[in-house]
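This briefing is for a reader who is new to the structure. Please look at the sequence and the model before reading on.

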Amino acid sequence: MSAKTTQFSTELRGQYNAMAYAADGAKSPLAPTLIPRRDPGENDVQIEILFCGICHTDLHIVRNEWSAVRTVYPCVPGHEIVGRVTKVGSGVTKFKPGDLAAVGCLVDSDGNCHECQTGFEQFCPHMTLTYNSPDVHLGGITYGGYSDSIVVKEHFVLRVPSNLNLAGAAPLLCAGITTYSPMRHWDVTQSKKIGVVGLGGLGHMAVKFGHAFGAHVVVFTTSPNKKEDALRLGADEVVISRNTDEMNKHVNSFDFILDAVSAEHDINSYLRLLHQDGNLTLVGKPEKPFAVAAVNLTFNRRSLSGSNIGGIAETQEMLDFCGKNNITADVEVIPIQRVNEAYDRLSKADVKYRFSIDMASLKS
Ligand code: NAP
Ligand code: ZN
């Protein structure tokens with residue numbers, strides 16, 4: 001049924017070739033390729049991609065590390081996209097050629113369900129992710145932002161404040177919204193004591209937002225060499241999480257902790273740090289399930305929850321907040337030819353604090 005529908009729409013829809021980097025398998029390096037993109041339809045925006053951030057999720061997906069999400073190859077990752085509009089369909093009202101535009105983790109959803117109607121497209125049961133999701137227009141799967149262009153339905157295209165550095169703005173589309181959304185939901189404001197676990201791409205954005213919201217921010221890191229950066233980014237305190245004495249000083253004291261760690265670790269040591277009704281939200285997604293001691297939740301009536309990116313309206317709100325407060329990610333800008341080296345460094349927690357690919361390099 002779906003194959004037939006796909007075949008039909010493929011015949012109706014014109015397409016063109018875009019340059020991209022793709023992985024052919026879990027152990028293959030990313031390499032240059034050509035991919036099909038649809039010609040923009042009535043409600044579509046075509047974007048020339050200028051910068052694309054490298055999220056740890058790209059690494060999880062390319063290496064097929066999540067048993068719940070199987071990777072379809074060739075895989076073109078990338079969901080932190082900033083660029084310039086090159087063409088719009090006749091029904092597009094918010095964008096015109098030449099405008100700055102951005103795309104995050106979502107490129108479509110059904111628009112009808114309760115989640116879509118209330119601004120939570122990220123929880124729509126029929127959402128289409130920017131890459132590795134079935135592509136209803138061309139068949140096959142969607143291809144992400146490690147490419148020179150992309151075509152996206154207008155509703156999923158965001159406006160980029162013109163004052164922001166574009167290389168640093170790209171990571172806002174995932175690392176930014178994924179940290180901003182739960183911090184807003186759990187009311188991170190002045191006078192709150194909050195923790196950020198893992199000073200990577202997501203973690204460093206959480207520090208910047210926590211500082212901008214006026215909270216007292218404590219960074220938990222396994223990397224002593226990140227201490228000075230954490231303070232510079234806006235942390236009030238830094239705890240080396242492998243030091244038990246340092247951890248014990250903070251027992252029962254936090255309102256909220258955001259855990260942005262990509263690998264297996266013990267969350268009990270952080271649950272113990274929450275005071276009454278404190279919350280620990282997981283945004284990091286290590287493959288292996290966590291063990292949680294019940295007493296670490298029952299005592300102090302603590303809660304443990306998760307959060308997944310953010311809806312389109314909230315992503316725009318976050319971008320506008322970043323524009324007003326001049327917040328961008330701290331990036332190492334790289335040509336796409338260095339993407340495999342960047343992946344190796346990301347797997348060793350060696351990035352300060354997001355790689356942003358300069359997509360002009362794709363043409364060289
Ligand atoms: P990242 O830049 O690689 O940062 C992860 C950080 O985790 C590292 O910098 C490191 O910080 C810490 N870490 C790494 N290995 C560790 C270990 N073995 N033990 C303890 N800490 C360790 O990754 P990211 O792009 O921020 O993504 C983080 C996670 O969030 C990934 O799992 C990603 O898939 C997930 N994610 C989720 C969503 C969502 O919607 N929920 C969205 C985007 C990404 P220190 O050096 O400071 O210890
Ligand atoms: Zn991401």
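The model is predicted, so local features need pLDDT of at least 70 and side-chain atom pairs count only at pLDDT 80 or more, while totals for chains, interfaces and linings use all residues. Residues are numbered from 1 along each chain as its sequence is written, chains are lettered from A and ligands numbered from 1 in the order written, and side-chain values use heavy atoms, with hydrogens and water left out.

Pairing of E3

- Strands (E, at least two residues) are DSSP runs, numbered from the N terminus, and two of them pair if DSSP finds at least two bridges between them.
- E16 (residues 354–358) and E3 are antiparallel, with four bridges.
- Seven bridges pair E3 with E4 (residues 81–88), also in the antiparallel sense; here isoleucine 49 stands opposite glycine 83.
- E8 (residues 149–153) runs antiparallel to E3 and is joined to it by five bridges, with glutamate 48 opposite serine 149.

Burial and cores

- Nine of the eleven residues of E3 are buried, meaning under 20% relative accessible area (1.4 Å probe, protein chains only).
- A nonpolar core is a set of buried Ala, Val, Leu, Ile, Met, Phe, Trp, Tyr and Cys residues joined through side-chain atoms within 4.5 Å.
- The largest such core has 97 residues, and Ile54 and Tyr146 are among those with the most contacts inside it.
- E3 (residues 44–54) gives the most to this core, with six residues.
- Another core, of 15 residues including Val239 and Tyr270, lies apart from it.

Note on methods: Buried means under 20% relative accessible area, exposed over 50%, partly exposed in between (1.4 Å probe, protein chains only).
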